Amino acid sequence: MQIPLLLEQLLNGLQFGFMLFLMASGLTLIFGVMGLINLAHGSLYMVGAFACAAVAAATGSFWLGLVASLAGAAAAGALVEVLVIRRLYGRDHLDQVLATFALILIFSEGTRWLFGSFPLYLDIPPLLGGALTLPGSAPYPIYRLAIIGAGLLVALGLYLLISRTRLGMRIRAGEADREMIAALGIDIRTLYTIVFALGAALAGMAGALVGALQSVQVGMGEPVLILAFVVIVIGGIGSIRGALFGALLVGVVDTTGRLLLPLALSSFISPSAAASTGAALASMLIYVLMALILALRPRGLFPAAAG
Amino acid sequence: MARETVFNGLMILVLAAIPAAALLFEEPFYLTLATRLAILALAAVGLNVALGLGGLVSFGHAAFFGIGGYVAGILAVHAFNMEPLLPGLPGTKSMPVIWVVSMLLAALIALPMGAISLRTSGVYFIMITLAFAQMIYYFAISWPAYGGEDGLSFYVRNGFPGVNTLQPLPFLLVCYGLLAAALLFFWRLQHSPFGAALQAARQNDVRLAAVGIRPFKIRLTAFALSAAITGVAGALFADLNRFVSPSMLSWHLSGELIVLIILGGVGRLFGPVAGATVYVFLEYGLGGITERWQFFLGLILLGVVLFARGGIIGLFAGRPRHG
Amino acid sequence: MAEPLLQLRGLKKSFGALLATDNVSLTLRPGEIHALIGPNGAGKTTLIHQIAGTLQPDEGELRFAGQDITSLHMADRVQLGLARTFQVSSVLPEFSALRNVMLAVQARQGTSFRFFADVRRDARLTDAAAECLARAGLDGRAAVPAAELSHGERRRLEIAIALATGPRALLLDEPMAGLGPEGSKDLVVLLNALRSEVPMLLVEHDMDAVFALADRISVLVYGRVIATGTADEIRRHPEVRAAYLGDDA
């Protein structure tokens, strides 16, 4: 077992985890404040990736694309909130599941309509190209380190936003008591739109950042969406801290599990059987983890105070 | 009450008319469409036991649909290749045997899955059922023995004694027969003591416990029954396509089953049938007009949630009443 | 003196630093109505929850009909004959009044795992349920969905459901809450008619009702029972007057 390989996978896990955090923080915020399950959160991730790819292709600048992803996803989020989501607060979860499932169909097919069925490609910006040599002499891509950095910044920013600003105070009030906040004379409709757009922008940013690692295509948001749900359920729905912890746990367990499980099994069974069984088990690993955590702590690791 | 009875009568007529019409047109495509409708409706009748009667929003019923499908596929392939499944345990091409096995296996897997999931409620329940289904989905994708990601084909449809299932029409009738049996079961269940307890668990589980019935046992039993019905639908679906793949286990399918029920009317006897009928016709009708049919399907579904609460049956017959 | 039917021994329950139930021991004897009174926040509801099984005590023991029920599930306590009503009416809103009661009858008859019988045609079920409804004075309202019943009717439905479980003892959690003077008077008549049949532990704020019904009264203050006795004894008890009635005489 080589240490550099393990270190590389650990970093990959962290990068994956911070990307999941960008998705999960919005999802958990929207649930915590508005009580809404948003299956269409993955569509906003896709919108961000497409906005970034399109603008980067037109202007040649990844950074303008990144700005476009934030703005595009936030705008799409605000629009959807005003037109549809607003009518779903206070409905039961079943209605929310169906309506946001319908939104996925609309977003996916709409994007295919606009951009066609072929995947788009997004280049890593030259500034972040290249690799850094890790101790133990394995090169590691700077871009992935940058994603980790961006995730850390967003986590810090969200913490400051929620604990130090007026908007954050209102969000906390909204989580504690939805009627209270209306009684305080806060314009609750605008607050909800802002929270939704903020969540959407973070999802869009995640989409754009990942778009440069993979291809940008319709349906790219769905696997990530499911993982983001796993993250917030593990962390405790409504808790940003839980989302951060859950995202890093899921990212690291998933990535290192794929490396370590086949290795671990190969000491018991033949290498080829170990490879296939290990891969099968590794792909199930985080779901097993989630089931275990929920079986022991039915409301997640950091249950939110309200609801 | 009376209007829902009228609606149910109408739905029985529609159910009978669809194969008759399909036969009249003698178009195998329509027969396949009608068979698909019956199978999806059957799967949704299964989910309706848990979701409609018991209020258990399972977002993981694709797991049972896929399990049924893989039971059919795996048993058929073993029978075809004459390899025993385990020493002394041969495969089979007999539908009734496959049905029983798929129901038992689906229920058997639903028991531990339900036992853990039922510790949670609300969104957590939705998400943990989804997670279990994903677990099985990824297992199927990465387990190479039965085709992995590519799925598993079997070349000859399984048989039912006295019926030529290779012909579209007899197979269609087999599927409608099972759907009718499931509807009859659901109807009896709805008015049975178990059904009363299950509906009580949905409305107010503390009240159920306070009359001396443990909600957990009732819900777990309902979850397993529900899984068994959806499982047998999966076996039929595999037989329809003579192919089974991880897509039968995907979360999209779980979502679709929920859509069918909400579209038709949650907890209504004929809700799944009405939902599947409209869904299949929309898919086919819109698909004939525009390549972008999913876009418009999305809009229509959105319209139903926002403006037609209670689904099609709700529009027609108003809120359900329990005499 | 008769053997107690329900016995609480040294129950303790705390939430963080708050000791909500502080070493409570009390009994319910066959044939009696035992009222539990105390100012708001004295821990009456917490105590009822522990007896009914919605909360686990931290320490102490609960015995019912000679059996240790301390760690028994709520539903199993009801099966043993310890039925309850809720402070805030808890009924099945979509079901008719009759179907609400029928559920309790089927629970008692142990038929909840029958999948094919039709409850609407089972005379054993419907007749027994109708009789309980009639005893609670709801015979004319059997077909009405519980959601459409008035507040007072729902209070009565709760009692009808509790009766249908075949109780050997009843826990009544503020049955008079929100009823108004007329409604309370009617309910006192109903409970009085039931007293020979089933003993009751009655938590109640309405002092007229308590003094009219109770054979014994226990007073709970800050989670502790400070006195138990007949209505007269309680009226005269100095500690009660000081702590509870706010009487400095």
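**View 1. Helix α11 of chain B in the predicted model.** Helix α11(B) covers residues 271-289, 19 residues in all. From first C-alpha to last, α11(B) reaches 26 Å. That is close to the 27 Å expected at 1.5 Å a residue. The buried residues of α11(B) are B:Gly271, B:Pro272, B:Val273, B:Ala274, B:Gly275, B:Ala276, B:Thr277 and B:Tyr279.

**View 2. Packing of α11(B) against α12(B).** Helix α12 of chain B spans residues 293-307. The two helices pack at an angle of about 135°, and their axes lie 9 Å apart. The crossing is right-handed. On the α11(B) side, the contact uses B:Leu282, B:Glu283, B:Leu286 and B:Gly287. On the α12(B) side, B:Trp293, B:Phe296, B:Leu297 and B:Ile300 take part. By class, the contact residues are six nonpolar, one polar and one charged.

**View 3. The side of chain B that touches chain C.** Here 22 residues of chain B are in contact with 33 residues of chain C. Three elements of chain B each give two or more residues to this side: α6 (168-190), α7 (193-203) and α8 (205-210). The largest share, six residues, comes from α7(B). This side of chain B has 12 nonpolar, seven polar and three charged residues.

**View 4. Contacts among the chains.** Two pairs of chains are in contact, and chains A and B share the most contacts. No contact joins chain A and chain C. The closest C-alpha atoms of chains A and C lie 15 Å apart.

Definitions and conventions. Residues numbered from 1 in each chain as written. Chains lettered and ligands numbered in written order. Predicted model: local features only at pLDDT ≥ 70, side-chain atom pairs only at ≥ 80, totals over all residues. Contact = placed C-beta atoms within 7 Å. Helix = DSSP H or I, 4+ residues; strand = E, 2+ residues; numbered from the N terminus. Nonpolar A, V, L, I, M, F, W, Y, C, P; charged D, E, K, R; others polar. Expected span 1.5 Å × (residues − 1). Buried ≥ 20, exposed ≤ 12 C-beta atoms within 10 Å, placed from the backbone. Axes fitted to C-alpha atoms, helices over the stretch in contact; angles between N-to-C directions. Left-handed = near helix turned anticlockwise from the far one by under 90°.
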